[in-house]
Amino acid sequence: MLNYSTLAIMELAGQGFCCSQILVLLSLQGMGLDDPPLTRAMAGLCNGMGDCSGPCGILSGGACVLALHTAQGFAGDTVDERLPLLLEAFRDWFHDATTPYGGITCGVIMGGDCRTPDPSRCGVLLAESHQRINAILIEHGFDPAIPKGE
């Protein structure tokens with residue numbers, strides 16, 4: 001069944017964004033924000049950090065989205081003490097979600113070639129991860145639609 005997240009993921013992927021960029025774009029859109037420099041920076045996590053051997057961009061991008069809601073953003077800003085719990089919850093969930101693929105690296109999930117995303121793997125994992133990230137935020141008292149500090 002297609003939902004808003006799935007349609008948005010398909011649209012963003014069609015525009016050439018990778019998994020880590022899509023997760024942050026979905027989060028920013030949910031907060032009514034636009035941040036091209038952050039979106040560009042997220043490209044460094046694409047394709048297992050460039051060579052398929054690194055962690056899936058969904059895992060690393062998801063960690064960045066959680067930090068977007070909790071981490072220090074400027075001098076004098078505070079780090080929310082729940083960040084490690086959020087990261088652990090997502091990391092544990094992601095490990096379980098990728099067990100059928102044999103691991104958490106982009107190359108393993110993609111069966112060796114991470115340069116050509118497989119919608120049946122990446123799209124589904126992206127949509128499920130986006131939902132799980134929002135659920136983790138809500139479970140820990142955050143509103144995914146409200147930027148940190150507001």
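Ring pairs join Phe90, Trp93 and Phe94 into one cluster. Rings of Phe, Tyr and Trp (its six-membered ring) count as a pair if their centres lie within 6.5 Å; planes under 30 degrees apart are stacked, over 60 edge-to-face, and the rest tilted.

This is a predicted model, where local features need pLDDT of at least 70, side-chain atom pairs count only at pLDDT 80 or more, and totals for chains, interfaces and linings use all residues. Residues are numbered from 1 along each chain as its sequence is written, and side-chain values use heavy atoms, with hydrogens and water left out.

**The aromatic pairs**

The structure holds three aromatic pairs. In one of them, Phe90 and Trp93 have ring centres 5.9 Å apart and planes at 20 degrees, so this pair is stacked. Phe90 and Trp93 sit three residues apart in helix H6 (residues 83-97), so about one helical turn separates them. Helices (H or I, at least four residues) are DSSP runs, numbered from the N terminus.

Phe90 also pairs with Phe94, and that pair is tilted. Phe90 and Phe94 are four residues apart in helix H6, which again means about one helical turn between them.

| Pair | Centre to centre | Angle between planes | Type |
|---|---|---|---|
| Phe90 and Trp93 | 5.9 Å | 20 degrees | stacked |
| Phe90 and Phe94 | 6.0 Å | 45 degrees | tilted |

Phe90 has 1% relative accessibility, so Phe90 is buried. Phe94 has 0%, so Phe94 is buried. Trp93 has 21%, so Trp93 is partly exposed.

**The nonpolar core**

A nonpolar core is a set of buried Ala, Val, Leu, Ile, Met, Phe, Trp, Tyr and Cys residues joined through side-chain atoms within 4.5 Å. The largest one has 34 residues. Ile58, Leu66, Phe90, Phe94, Leu126 and Ile133 touch the most other members. Helices H1 (4-14), H2, H5 (57-68), H6, H7 (106-109) and H8 (119-139) each supply at least two residues of this core. In soluble globular proteins, nonpolar side chains tend to be buried together.

Contact means heavy atoms within 4.5 Å. Setting aside neighbours within four places in sequence, Leu126 contacts Ile9, Cys19, Ile22, Leu23 and Ile58.

**A buried serine**

Ser27 lies in helix H2 (residues 19-30). Its relative accessible area is 7%, so Ser27 is buried. Not counting residues up to four places away in sequence, Ser27 touches Val65, Leu68 and His69.

Definitions and conventions. Buried means under 20% relative accessible area, exposed over 50%, partly exposed in between (1.4 Å probe, protein chains only).
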